[in-house]
Each structure stands twice: as structure tokens, then as C-alpha cells.
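Reader: I am new to this structure and would like to know what the terms used for it rest on. Please set each term against its definition.

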Amino acid sequence: MIYFDTDKINDLNHLYKINLINSCAGYKSANLIATKAADNQANVAIFSSVTHIGSAPPLLGFFLRPTTVLRNTYENILETGYFTINHIHQKILKDAHHTSAKYDKNISEFDVTDLETDYKDNFYAPFVKNCPVQLAMKYVEEYDIKVNNTKLVIGEIQGLYIKENALEKDGFINLSNAAIATINGLDGYAIPNLKQRFEYQRPKI
Ligand SMILES: Cc1cc2nc3c(=O)[nH]c(=O)nc-3n(C[C@H](O)[C@H](O)[C@H](O)COP(=O)(O)O)c2cc1C
């Protein structure tokens, strides 16, 4: 095994360190968060930190990097109260990754990629067309994480669209059936294959 202690981690060059630390938590969820500013400009950006917060009420959260530079997604969410979460799938990996580029507020990532907006059921924010799982989200609250000046932004699920072949009888979303991606580190993508599901576990003794 290769061992890194605190001193060794602190001394690593920047790129090596962000690659190492961004990979060490394991595979991460791969999502596009789409928003629409009050002036109607649509925005979409990749996030690998979307995570389950709770089921009742149905909540998801994501971690936002420090707002020392302009964060269009966050600004739009605060301005309008709404956003969508769209699962990244095999066919859009390259464009999804490109949405991490720092475009000005007046340039929509939808215009510089093949990603398309999908407005439906009068929801304010656009969905990303053809994503097999699309969630309509309403901003609820946020927490400042003091240690590194990031935020946890929490939203409530208002609507959930799932491609037919991905939804199983018991409500389980089979992400493999829809070729949904996972993120390894900052720039690695995989399409996992579901191996097995297990029953609810009870103590053996
Ligand atoms: C694989 C990957 C994952 C990312 N995950 C996050 C994340 O979880 N939180 C975050 O604030 N930025 C994340 N980013 C960076 C944003 O995508 C980037 O800051 C983007 O420019 C934000 O766009 P916006 O200004 O339109 O909101 C990630 C970038 C990449 C390449």
C-alpha cells in the first residue's frame, strides 16, 4: 500500500492533491443542475456532490464550492427558488463535463453544447432533455461549512421523472438499465453495472 500522512498530503502539488482527495471518497453521483435566471437565461453545470438528505420530506442536497467567484447555478437558485437535477448518462459525458467551464452569466452552456433544455409541466427551471432521471427541485435551506467556506444547499423534490425501463416494481431506480454515469475524482466517468440487490438485513444473533 502507498501511504500518505497529513504532512505528505499538505506538501503535494496542487493538481496531484485535488486528484487524490477528490478520488478518495469513492464513486460519486453524476448530475447536471439546471436553472433559469430571472432574466430567462438558462444555465447548466455538472455537480458530483448531489446526495440524499432524507425521504420524508424528500430532500436532496449538494455541496457548493466557495462563492469567491461567481457561481451562476447558486445565484439563479437564490434568485428564483427553483432548480432541476438531471442524471448524466453515457451519451452526454463529454458535454456534461464541459459544463464545468467558467462561462459568463450571459452565456448559456445549453448554447455551447449539444445539451438541450426540456421545459415541462410549467416547472420554472429547465430539465436536461433525455436524461433518464430528472428531478424538479425547490430550494429549502443552506448551511455554511466554516472549515473550507463551502455550502450545503438543500432542496425538496417537487417532481420526479424516470425513464420507464429504469423503474422497478418496488420503487428502486435501476441506474444501470439507463446507462447512468458515476464520477471518479474530478474527471473520470464510469457506467456501472448493477451486480446484485440484497434483502433488508436483520441481526444474525
Ligand atoms: C466532475 C465535476 C464535478 C463537480 N462538482 C461540483 C460540486 O459538487 N460542487 C461545486 O460547487 N462545483 C462542482 N464542480 C464545478 C462546477 O461544475 C463549475 O464551478 C461550474 O463552472 C459551475 O457553473 P455555474 O457557474 O454555471 O454554476 C464540478 C466540476 C466537475 C468537472
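Reader: Why are the residues of E2 called buried, and which way do they point?

Author: A residue is buried if 20 or more other C-beta atoms lie within 10 Å of its own, exposed if 12 or fewer, and partly exposed in between, with C-beta atoms placed from the backbone. By that count Asn 31, Ile 33 and Thr 35, which point one way from E2, are buried, and so are Leu 32, Ala 34 and Lys 36, which point the other way. In a regular strand the side chains alternate between the two faces of the sheet. Six of the six residues of E2 are buried, so E2 is largely enclosed by the rest of the structure.

Reader: What kind of model is this, and how are residues numbered?

Author: This is a predicted model, in which local features need pLDDT of at least 70, side-chain atom pairs count only at pLDDT 80 or more, and totals for chains, interfaces and linings use all residues. Residues are numbered from 1 along each chain as its sequence is written.

Reader: What makes E2 a strand, and how do you know that E2 and E3 pair?

Author: Strands (E, at least two residues) and helices (H or I, at least four) are DSSP runs, numbered from the N terminus. Two strands pair if DSSP finds at least two bridges between them. E2 and E3 have six bridges and pair in the antiparallel sense, with Ile 33 opposite Ala 45 in E3. The two strands form a hairpin with five residues between them, and Asn 40 in the turn has a positive phi of about 80°. E2 also pairs with E6, over four bridges and in the antiparallel sense; here Ala 34 stands opposite Thr 84.

Reader: Why do E3 and E4 count as edges of the sheet?

Author: The sheet is open, with seven strands in the order E3-E2-E6-E9-E10-E5-E4 and antiparallel pairing. E3 and E4 (51-54) each have a single partner strand, so one side of each is left without a neighbour in the sheet. The twist averages 35° from one strand to the next. Inside the order, E6 and E9 run antiparallel and are joined by five bridges, and Asn 86 has Gln 134 in E9 as its bridge partner.

Reader: What does H3 touch when it packs on the sheet?

Author: Two residues are in contact if their C-beta atoms, placed from the backbone, lie within 7 Å. H3 touches E2, E3, E5, E6, E9 and E10 (150-162), and its direction makes about 50° with that of E2. That angle is taken between N-to-C directions and runs from 0 to 180 degrees, the axes being lines fitted to C-alpha atoms, for helices over the stretch in contact. Asn 72, Thr 73, Tyr 74, Asn 76 and Ile 77 are buried in H3.

Reader: What makes the largest nonpolar core a core?

Author: A nonpolar core is a set of buried Ala, Val, Leu, Ile, Met, Phe, Trp, Tyr and Cys residues joined through C-beta atoms within 7 Å. The largest has 33 residues, and Leu 32, Ile 33, Ala 34, Val 44 and Val 128 have the most contacts inside it. E9 supplies the largest share of this core, four residues.

Reader: Why is Asp 118 called partly exposed?

Author: Asp 118 has 17 C-beta neighbours inside 10 Å, so it falls in the partly exposed class. Its place is in strand E7 (residues 117-118). Not counting residues up to four places away in sequence, Asp 118 touches Pro 126, Phe 127, Val 128 and Lys 129.

Reader: How do you know that Leu 152 is in the partly exposed class?

Author: Leu 152 has 16 C-beta neighbours inside 10 Å and therefore counts as partly exposed. Leu 152 lies in strand E10.
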